[in-house]
Amino acid sequence: MFLEPTLIAELAALGLLTGFLAGLLGIGGGMVMVPFLTLMLGDEGVSADLAVKMAIATSMATIIFTSISSVRAHHKKGAVRWDLVKGLAPGIVMGSFLASMGAFAALKGSYLALFFALFVGFSATQMFLDKKPAPNRQVPGTPGLLGAGGVIGFLSGMVGAGGGFVSVPFMTWCNVAIHNAVATSSALGFPIALANVIGYVVAGQDVPNLPEHSFGYLWLPGLVVIASCSVFMAPMGASAAHKLPVKQLKRTFAFVLYLLAAYMLYKGFTA
């Protein structure tokens, strides 16, 4: 598939935006990428159903690179809770494989979208109001982290997002400081993306009518352009995250979550 200069510019702009969001808020940018990639693939002649699946897979693949760039910046500031990464990662891998190996195609999209809208809207309200968690609430033990990781990995795989829209509210609910939650979410993006991408590639091997330069459900031209640009902006977003006051950062994240909830609500009623 030949990329015209205009399409390359659009993909580059998308990469710059999502890279900054990844560093600033600990999200992979999937909910920004997926709608635009779906539109771009449709304009290139890809069928609507296949375009959505390829957009989800390609979005997730870019998070592999964005996560590495973002987490390096956060790690230099000592903000990543590696103990939480270690506890959540096994469940994340299991949940991601469960989603990407076929569940996202089997479930009815409208029901899933409505569920996400309600869940994410609730999480956004909690953050926007800056409601304080119970002071005695702590991060759960190994079984609890395993289960939480499974939910994060599964939900991320279903929508092609890096998991920040679930992992950040979960960690702040457990009295993890917002800056640590954002930084740790960036680190979690790597196992989420890697496990899901493997599943998308395997599941898409025998799919007919894939466009040129595809690898399973991955659209390689889009991946290369977006990832090349996003890795430059992720450190800038991470730097900005550590300069913002806690309440402002929470409200910024809540605003992004409200946009996500509105998009999913729209998809749920129009699917």
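Reader: At 36% relative accessibility, what does Asn-175 count as?

Author: Buried means under 20% relative accessible area, exposed means over 50%, and partly exposed is in between (1.4 Å probe, protein chains only). Asn-175 has 36% relative accessibility, so it counts as partly exposed.

Reader: Before we go on, what kind of model is this?

Author: Residues are numbered from 1 along each chain as its sequence is written, and side-chain values use heavy atoms, with hydrogens and water left out. Local features need pLDDT of at least 70, side-chain atom pairs count only at pLDDT 80 or more, and totals for chains, interfaces and linings use all residues; the model is predicted.

Reader: Back to Asn-175: what is its phi?

Author: Asn-175 sits in the loop between H7 and H8; helices (H or I, at least four residues) and strands (E, at least two) are DSSP runs, numbered from the N terminus. Asn-175 isn't a glycine, yet its phi is positive, at about 65 degrees.

Reader: And what about His-213, what phi does that one have?

Author: His-213 is in the loop between H8 and E1, and at 43% relative accessibility it counts as partly exposed. Again it's not a glycine, but its phi is positive, at about 65 degrees.

Reader: Which glycine has a positive phi just after H3?

Author: Look just past the end of H3. The residue there has a phi of about 70 degrees, and it is Gly-78.

Reader: How far does H3 itself reach from its first C-alpha to its last?

Author: H3 covers residues 48-76, which is 29 residues. The expected span of a helix is 1.5 Å times one less than its number of residues. For H3 the expected value is 42 Å, and the reach is close to it, at 42 Å.

Reader: Where does H3 bend?

Author: The bend at a residue is the angle between axes fitted to the seven residues ending there and the seven starting there. H3 is mostly covered, with 21 of its 29 residues buried. Its bend is about 30 degrees, at Phe-65.

Reader: Why does the end-to-end distance of H8 agree with its length?

Author: H8 runs over residues 178-203, 26 residues in total. At 1.5 Å a residue, H8 should span 38 Å, so the distance between its end C-alpha atoms agrees, at 36 Å.

Reader: Which proline follows the bend in H8?

Author: With 19 of its 26 residues buried, H8 is largely enclosed by the rest of the structure. The helix bends by about 25 degrees at Leu-188. The proline follows within four residues, and it is Pro-191.

Reader: At what angle do H6 and H7 pack?

Author: Two packed helices are described by the angle between their axes and the distance between the axes. Axes are lines fitted to C-alpha atoms, for helices over the stretch in contact, and angles run from 0 to 180 degrees between N-to-C directions. H6 (residues 142-159) and H7 (residues 164-173) have axes 9 Å apart, at an angle of about 155 degrees.

Reader: What does that make H6 relative to H7?

Author: Angles under 35 degrees count as roughly parallel, over 145 as roughly antiparallel, 65 to 115 as roughly perpendicular and the rest as oblique. H6 is therefore, relative to H7, roughly antiparallel.

Reader: Which residues of H7 make that contact?

Author: On the H6 side there are Leu-145, Ala-148, Ile-152, Leu-155 and Val-159. On the H7 side there are Phe-165, Val-166, Ser-167 and Phe-170.

Reader: Zooming out, what percentage of the residues in the protein chain is buried?

Author: The protein chain has 10 helices and 2 strands, running α-α-α-α-α-α-α-α-β-β-α-α from the N terminus on. Of its 271 residues, the buried ones make up 54%.

Definitions and conventions:
Contact means heavy atoms within 4.5 Å.
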